[in-house]
Amino acid sequence: MPNKKTSKKRSSKKKPQKNPKLLRAGRYLRGLLGLFACLALLAVLGSFYMRALVLEQMQSQSLSTSSLVLSRPLELHRGASLSADDVSSYLRRVGYRQSQDSAHEPGAYTESKNKLVVFLREAVLPSGELQQAYPLEVAFENGSIAELRHAKLETSIDAAWIEPEVLSILGNTESRASIPLSLRDYPDYLIQAVVAIEDERFRSHFGVDPRAILRALYQNIRSGSVVQGGSTITQQLAKNLFLSSERSLSRKAKEAVAALFLETAYSKDQILEMYLNEVFLGQEGRIALHGFGEAARAFFNKDAYELSLAEAATLAGIIKAPSSYSPRRHPEKAAARRAVVLDKMRELELITEKQRFEAASAKLNIQPAKRSRRFAPYFVDYVRNQLAGLSSQARRSSGPVHVLTGLDRFYQSCAEEAVDWGLKRIEKRYPRLKSSSKSAKQKLQAAVLSVSSIDGEIRAWVGGRSYEASQFDRISQAKRQPGSAFKPFIYLAALDGDLNSYRTARVSSTLADEPLRIKIPGSETWEPKNYKDEFRGDVTLREALSKSLNVPTVYLIQRIGTETAASAAERLGIPGPLPRVPSIALGSAELTPLELTTGYSTIAAGGRLTRPRAITALLDPEDRVITWKSSIRESQVASEAAVYVLTNILQSAVNSGTGKVVRALGYEGPAAGKTGTTTASRDAWFVGYTPTLLTSVWVGFDDNRETKLTGGSAAAPIWAEYMKCVSAREPQLDFIPPDNVVFREIDLATGLLATNYCPRQNVVTEVYVKGTDPVTPCTLHSPEPSDSWSEPSWRPGRSKPERRRKRDRGSFWDLFWR
């Protein structure tokens, strides 16, 4: 049992007193640790928040706030006439970046001898399907694609697509152009130039550089104005991403805080890469140029890695004031600023004195502005009008849309070059047609519309010789008489039993080519004339159309009736109501080139009602389909066999008729077409098609003056030049006869089946709709050996057949059409 006195004595001892100073120091230390912990937590949270904010900002900038007009995606397939340069040029235009090592992510590609490796991005295909991103190997041989391989699956594929390029921006808002690159894709001296002139202590500061701020403050006080900034590269990036360009202390404070958070969220290399891709470097019209990848392409037409030291220093110098130091607008100021950058690089011993001198004195090849140039402007205007006419239900979106079209940049360039070549050719041959006036009405004009024969997608649209001089679109707005270019609709109505209620004609049916007078109620008597006022007597349908004879065509419309002819043309897609008068056979009804092409589209498609399509799909800004062309249904409105027979006749027009200049100028592919020349030669036309492409050409004056040109001399050469240009991209196909078409050898003198007795020079192979072909053999010619292909089938002792002088005509038309 413890002693009570002892325990009492112990308890009465005083506890040692703690040092107050140590207690206060401990409290301060704990407070500081708590503060540091809070700051660390805040830094971590701020880092995550900043990363999310930057990612959101980058994504929002990649989406246009305007509606865009997009081209047709580029199709790659084995045998396509595309070189490695063609494909790499397209890739750069749609924002792919060339990598020096490997294409390891979507939007990158590498190039080696006769080979490209492209990591394709997602793309909406013309079929409406979504092509997923994947790496593609493309091998080339002799300027064509030799093989396509899925690089990941290591399998050969038949075709691939690269997403469409932007043709134009709809609306009045600005848009940005940028070609993002990895830091390793920028040349070292470009990086060195930017860091040297903008932030030489970039690698050592924490986002804000106090020394730079003090230096700038001192310089500004000395000069009495703002002559120097103290912002680091990180601060500039923060301002570009999140803040306005307002000059105020509050904005500077926000900029500094944002820079600190950026430094905690990203490495120096990541910040530098974002800066090089984001910095504003100039303006081309409504297009803002961001990043050195885009600037290298805009000013020098090069990839960034190809820049020389002089070019890199020039671009680095632009950063301070893109408008004032633009090498395009102010070359002297840009050169002086380049020298400042090079001097700074020399001061920091990044380059030698020799390099500095050579780069400072180098002459630069500055490229003209191309981003601001509107591509296919007449077409873009038409698309804008079409888009405005779509119902809200069809669009299902009141915001910006991406308008996918079938227009092909290569075809459009070919069409524009053909128009320029054709008009200069005409004016050189006929100086009287050349005007020195700046007025578009005084200048000879031309228009070209090219569409797919298969689905009607518009490939090229040239509404005049100069959009800058005149925005009047001659494709969709100019109502002109088509002249003889309208005749195929009349002949098809006669050849197709479903389009007329009279009798079905055939190619060998004869028409009278002799003087004709027609009484028009309430008007004077009309006497149609042939070109040069010549008459040929009886002619076949083939000769009448291929030689573009007017009088036989008027005889033809009299037989089938003006109502039948007009109704047939309207059924094929020509907008009505057409006048029910005989003169429509010679193209008296005024039509725009677009309207005429609409009718020909059905003929080129084998009788399927096919209308030219400007818009193939509407996509939202994230390229999700809103409306697709598959909702458009086509119907068979004319006999495929009758259309083929008509096409065969129109092939004769190209080979030996009024369109034979096409062959003379060197176009060798299968083609059918028809010239057109109006009264007093005010309009010249040529509409021609292949199995895959239909193209219409018009030439004339806006004020409807006489040109004294024909379709064959003015419009057909432009068509031929265009087709020669695009033929390398077109499949080499021939017109394929349908099952209900037959070919027969006939005698030209009678139009009946040829026999061994018919002279060789009289026998031709002719095409017919099955059931309308002649069945009666020719009995006009005697069976004499000199008059026949082979020995006649009569034997000695038998009497020779008599030569029949009377023609044995084989159809109702042949009996009565004279």
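Colleague: How many cavities of 30 Å³ or more does the structure hold?

Modeller: The structure holds three cavities of 30 Å³ or more. On a 1 Å grid over the protein atoms alone, a cavity is a set of points where a 1.4 Å probe fits but cannot get out, while a pocket is an open set with protein on both sides within 12 Å along at least five of seven lines, and lining residues have an atom within 4 Å of a point. Grid points are joined across faces, edges and corners, and a volume is the space filled by probe spheres set on the points.

Colleague: Before we go on, what kind of model is this?

Modeller: This is a predicted model, in which local features need pLDDT of at least 70 and side-chain atom pairs count only at pLDDT 80 or more, while totals for chains, interfaces and linings use all residues. Residues are numbered from 1 along each chain as its sequence is written, and side-chain values use heavy atoms, with hydrogens and water left out.

Colleague: Okay, what is the volume of the largest cavity, and which residues lie nearest its centre?

Modeller: The largest cavity holds about 90 Å³ of space, and among its 13 lining residues Gln 98, Ile 179, Leu 181, Asp 303 and Ala 304 lie nearest the centre. Strand S3 and helix H9 (292–300) each supply at least two residues of that lining; helices (H or I, at least four residues) and strands (E, at least two) are DSSP runs, numbered from the N terminus.

Colleague: And how does the lining of the largest cavity divide by class?

Modeller: It has five nonpolar, two polar and six charged residues, where Ala, Val, Leu, Ile, Met, Phe, Trp, Tyr, Cys and Pro count as nonpolar, Asp, Glu, Lys and Arg as charged, and the others, Gly among them, as polar.

Colleague: You mentioned S3; which sheet does S3 belong to?

Modeller: S3 is part of an open sheet of six strands with mixed pairing, in the order S3-S4-S5-S8-S9-S10. Strand S3 (97–98) and strand S10 (155–156) are the edge strands, each with a single partner, so one side of each has no neighbour in the sheet.

Colleague: In what sense do S3 and S4 pair, parallel or antiparallel?

Modeller: S3 and strand S4 (residues 108–112) pair in the parallel sense over two bridges, and two strands count as paired if DSSP finds at least two bridges between them. Arg 97 has Ala 108 in S4 as its bridge partner. S4 and strand S5 (residues 115–120), on the other hand, pair in the antiparallel sense over four bridges, with Glu 111 standing opposite Leu 116 in S5. The hairpin of S4 and S5 has two residues between the strands, and Asn 114 takes a positive phi near 55° there.

Colleague: What does Ser 182 touch?

Modeller: Leaving out residues up to four places away in sequence, Ser 182 touches Arg 97, Glu 105 and Glu 273, where contact means heavy atoms within 4.5 Å. Ser 182 lies in the loop between strand S13 (175–178) and helix H4 (188–198), and Ser 182 is buried, with a relative accessible area of 8%. Buried means under 20% relative accessible area, exposed over 50%, and partly exposed in between (1.4 Å probe, protein chains only).

Colleague: Switching topic, why is helix H18 largely enclosed by the rest of the structure?

Modeller: Helix H18 (residues 550–560) is largely enclosed because nine of its eleven residues are buried, including Asn 550, Val 551 and Ile 560. Just after H18, Gly 561 takes a positive phi of about 95°.

Colleague: Which residues are closest to the centre of the second largest pocket?

Modeller: That pocket contains about 1000 Å³ of space, and of its 34 lining residues the closest to the centre are Ser 484, Tyr 531, Ser 548, Asn 550 and Thr 677. Its lining divides into five nonpolar, 22 polar and seven charged residues.

Colleague: Last one: how many helices and strands are in the chain?

Modeller: The chain has 24 helices and 27 strands, and 51% of its 818 residues count as buried.
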